[in-house]
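Subject: A structure for you to look at

Hello,

Here is the structure I promised to pass on. Please open it alongside this note, and my findings follow below.

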Amino acid sequence: MALDRKTPNDLNAFWMPFTANRQFKKAPRMFVGAKDMHYTTAEGRQVLDGTAGLWCCNAGHCRPKISEAIARQAAELDYAPAFQMGHPAAFELANRIIEIAPEGMEHVFYTNSGSESVETALKLAIGYHRARGEGSRTRLIGRERGYHGVNFGGISVGGIVTNRKMFGTLLAGVDHLPHTHLPAQNAFTKGQPEHGAHLADELERIVALHGADTIAAVIVEPMSGSTGVLLPPKGYLEKLRAITKKHGILLIFDEVITGYGRLGAPFAAQHYGVTPDIMTTAKGLTNGVIPMGAVITTAEVHDAFMQGPEHMIELFHGYTYSGNPVAAAAGIATLETYKEEGLFERAAELAPYWQEALHSLKGTRHVIDIRNEGLIGAVELEPIAGTPAKRAFDAFLKAYEKGILIRTTGDIIAMSPPLIIEKAHIDQLIGTLKEVLDTLE
């Protein structure tokens with residue numbers, strides 16, 4: 001039941017995640033409602049959602065089909081254990097995920113978030129090699145500026161320093177590829193940049209350093225979202241796939257952001273034409289309505305665990321809420337909404353308009369780079385000397401006051417609107433952002 005008041009009576013108890021808590025609690029920004037492309041604030045203002053929540057509300061907000069499916073399922077079967085028991089919705093959703101997954105991806109393991117999907121994928125990778133008699137393969141390779149959630153495995157393979165430096169010793173046996181951001185060569189590129197495929201060759205150096213027989217997996221975001229929309233150079237992902245196959249290393253795509261239509265295809269793997277061994281997903285799976293994630297694997301990865309007596313558990317891993325009935329119902333309704341409304345195709349059709357609108361900001365005050373792919377875009381601002389992230393945060397606050405929601409990471413503005421966005425919304429979002437940028441110090 002929703003609160004019957006628009007403002008909480010005390011803000012102290014809630015320690016907010018990834019938030020400047022002291023600043024927020026002095027001047028709270030409260031959403032109390034949402035519908036389709038807009039949030040409603042406590043003051044009754046409409047705010048255009050330029051971020052699909054946190055990259056997750058791909059079908060927009062408060063969609064009836066999803067809400068109704070949740071209500072029906074909660075009234076019929078609210079919870080069922082996934083350990084040694086099942087319920088139909090979890091199996092149905094898994095089948096529907098596989099229907100839209102890249103060819104060769106055949107199995108789904110449920111989690112509750114992107115962070116849990118990453119932890120699961122890393123464990124599967126190490127367990128896969130051990131099951132095949134290659135237990136020495138325990139090393140994990142991530143990438144600089146990569147974001148893979150906030151659990152210990154995720155921040156270990158991740159490469160965002162602020163997410164790592166406060167938490168002491170992380171997982172041992174982790175190395176990192178260089179990031180793919182080459183602003184001197186690729187600034188203001190539309191879509192995939194031309195330069196940088198050679199950066200994938202660094203994996204060969206890491207293999208030579210540690211030995212292929214020690215490396216379990218390489219994990220990358222096909223397109224890095226949370227660190228500021230860093231795109232894979234042309235040929236880069238293909239090289240990573242070839243090198244990992246050559247050395248018997250699993251390739252994991254973190255598709256928590258790019259999955260479920262964000263780039264105009266069901267998954268970035270299809271958009272870029274490169275199929276990994278394991279994919280992590282979450283966010284758009286349930287349209288952000290209920291926490292749920294899904295790790296998708298090839299039959300080869302799955303079947304490696306299917307050994308020993310049939311009465312024995314094959315994988316000692318899982319969560320209390322894996323495949324939760326209400327979440328599964330939300331997932332089914334979400335995938336049906338995407339299909340019935342052709343939202344993946346819509347994203348692909350709108351991508352050129354989005355691209356041109358976004359790049360119209362070139363030359364605007366303080367803008368030093370613009371990047372885009374599908375319905376994702378980033379505007380990078382020149383930082384204020386000695387005060388990194390301040391200029392972008394000021395832009396975020398002013399944008400909110402002017403009725404648009406954007407997201408910032410460092411001095412980069414990131415946008416990823418719901419796939420139901422109209423051209424008029426794009427014009428409003430980019431036009432308002434230009435007004436904001438013109439006022440920044």
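Predicted model: local features only at pLDDT ≥ 70, side-chain atom pairs only at ≥ 80, totals over all residues.

Now the overall picture. The protein chain contains 16 helices and 15 strands. Along the principal axes, its C-alpha atoms fill a box of roughly 65 × 55 × 45 Å. How does the radius of gyration fit with a compact globule? A compact globule of 441 residues would have a value near 22 Å, and the protein chain has 22 Å, so the two agree.

Of the 441 residues, 54% count as buried. Among contacts with a separation of 6 or more, 73% are between residues 24 or more positions apart. The accessible surface of the protein chain is about 19,500 Å², and carbon and sulfur atoms make up 55% of that.

Next, the aromatic rings. How many aromatic pairs are there? The count comes to six. One of them joins Phe31 and Tyr39: their ring centres are 4.1 Å apart and their planes meet at 5°, and because planes under 30 degrees apart count as stacked, this pair is stacked. Phe31 is partly exposed, with 34% relative accessibility, whereas Tyr39, at 13%, is buried. Tyr260 and Phe267 give another arrangement: with centres 5.1 Å apart and planes at 65°, that pair is edge-to-face. Both Tyr260 and Phe267 are buried. Ring pairs also link Phe31 and Tyr39 with Tyr400, making a cluster.

Finally, a residue I would like you to visit is Leu122, which sits in helix α5, residues 114-131. Is Leu122 buried or exposed? Its relative accessible area is 5%, and since buried means under 20%, Leu122 is buried. Leaving aside residues up to four places away in sequence, Leu122 touches Leu140, Gly153, Gly154, Val157, Ile219 and Ile252. Thr138 lies 16 residues from Leu122 along the chain, and the C-alpha atoms of the two are 9.5 Å apart.

Methods. Residues numbered from 1 in each chain as written. Heavy atoms only, no water. Helix = DSSP H or I, 4+ residues; strand = E, 2+ residues; numbered from the N terminus. Rg over C-alpha atoms; globule rule 2.2 N^0.38 Å. Buried < 20%, exposed > 50% of the residue type's maximum accessible area, 1.4 Å probe, protein only. Contact = heavy atoms within 4.5 Å. Areas by Shrake-Rupley, 256 points an atom, 1.4 Å probe, with all protein chains shown as cover. Phe/Tyr/Trp six-rings, centres within 6.5 Å; stacked < 30°, edge-to-face > 60°.
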